[in-house]
Amino acid sequence: MLNAFWRIGSLAFFALSIFLLFLISATYANEDSEKDSTSEPLTLESEVSLPIGLWPSIGSETADDGPQEAPSMALTPPPPLEPPPLKQLRLMLDWYVSPQHAALIVAKQRGLFAAQGLALELLTPADPSIAIKLLTAGEVDLALTRQPLLHLHAHDGATITRIGTLIETPLNAVIVAGDAPTGETTDQLAGLHYGFSTREGRDVLADQLVPTSFRQIDDFAPPESVHFDAAGALREGRVDAIADGFYHTLPQQLASDGIVTHTVRYNDVDVPRHDGLILLAHSDTVTKQAATWSRVLIALEEASNWIIENPDAAWSLLISSYPALDNAINEAAWDDLLRRIAISPAALDTRRYASFERYLEQAGIIETALPVSRLAVNPHTLIAVR
């Protein structure tokens, strides 16, 4: 009993001590709060200095002697960022500018190349035979030619590859002086004296039109180069026919001089159909540059489709860009050229290229056919497999 009494008393004493300690602490806290409220405000005794030029000093002279305002944030927006520079490309044409180059001209004039980040310069060769030479030498980025010339130069080891097609059918044909005879035969064509402007006309056409039996005749006149003056050669009677004449213009030029001609298309003399105008790139860099060539062909596809849908506006754009094209011969040929423009320039007809290789091999012009992949590619597909 006594022990229980002492335990209760100890607990009561401990509780009383805690209460008194809390009461004393609260009293001191109130006194400190009253002292803080009646004390003087704090002041900064040290000096504050500003960097020279940040703020005008008191009493300094100003332009208007008026009150000075604090500088504020500039509200003028920053100048717009300049677009990245266009990638410069140089393209060598196959010859002087003509309506067959319509897709290139339209893409350039309508800003379609620029929309793809490209600036394409069109160059005219002094001699059509140098375009491929300049391309293989790295002097230009792209070049134009015809499909037969691609095959012949590739077999000579030229590092060239077709990356696009502008005209899907041959633009050249055999142009023969005189009216077309009734039922013209191969023998009649074989007995003619041929002129040619290109290697295509010499190797693929003239040599094939004149068989060995005719070459053994004593008065046989071998085909001769007309140095890109086909009209002059026929006009002067130096040759009977041109093996690689441009049939949209040559007959019309001669007709204006009163000279009658007739045209024999290549497929009529068993030459396979082929692309009439193609775009070449350097074989060694075609995969590395595939993205760039793809952009070129996207611009050309836009241009080709616009031409087909707006033929009159396209013709007006051509002649306003190149006034020398504005003549009756080109205007008369325009409708026929429209039917031959490739509306999907990158698309590759591998059968067509393989067929032409077989023709050259069977004719004895080449020894072994090259694979199509060595001759032609579709740049769009190269991007997908990289």
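How are α12 and α13 oriented to each other, parallel, antiparallel, perpendicular or oblique? The two helices are oblique to each other, given that angles under 35 degrees count as roughly parallel, over 145 as roughly antiparallel, 65 to 115 as roughly perpendicular and the rest as oblique.

The structure is a predicted model, in which local features need pLDDT of at least 70, side-chain atom pairs count only at pLDDT 80 or more, and totals for chains, interfaces and linings use all residues. Residues are numbered from 1 along each chain as its sequence is written, and side-chain values use heavy atoms, with hydrogens and water left out.

The protein chain contains 16 helices and 10 strands; helices (H or I, at least four residues) and strands (E, at least two) are DSSP runs, numbered from the N terminus. Of its 386 residues, 40% are buried, where buried means under 20% relative accessible area, exposed over 50% and partly exposed in between (1.4 Å probe, protein chains only). Among contacts in the protein chain with a separation of 6 or more, 79% join residues 24 or more positions apart; contact means heavy atoms within 4.5 Å.

Two strands pair if DSSP finds at least two bridges between them. Axes are lines fitted to C-alpha atoms, for helices over the stretch in contact, and angles run from 0 to 180 degrees between N-to-C directions.

L123 belongs to strand β2 (residues 118–123). With a relative accessible area of 16%, L123 is buried. Not counting residues up to four places away in sequence, L123 touches R90, L91, M92, L93 and V140. V140 is 17 residues from L123 in sequence and 9.2 Å from it in space, C-alpha to C-alpha.

Strands β6 (residues 194–196) and β8 (residues 241–246) pair in the parallel sense over two bridges, with G195 opposite I242 in β8.

Two helix pairs were examined. The axes of α5 (residues 147–155) and α7 (residues 199–209) come within 10 Å and cross at roughly 90 degrees, which makes α5 roughly perpendicular to α7. P148, L149, L152 and H153 of α5 make the contact with R199, E200, D203 and V204 of α7. By class, this contact has four nonpolar, one polar and three charged residues; Ala, Val, Leu, Ile, Met, Phe, Trp, Tyr, Cys and Pro count as nonpolar, Asp, Glu, Lys and Arg as charged, and the others, Gly among them, as polar.

Helices α12 (residues 311–321) and α13 (residues 328–338) pack at an angle of about 130 degrees, with their axes 11 Å apart. P311, A314, W315 and L318 in α12 meet N330, E331, W334 and L338 in α13. The residues of this contact divide into six nonpolar, one polar and one charged.
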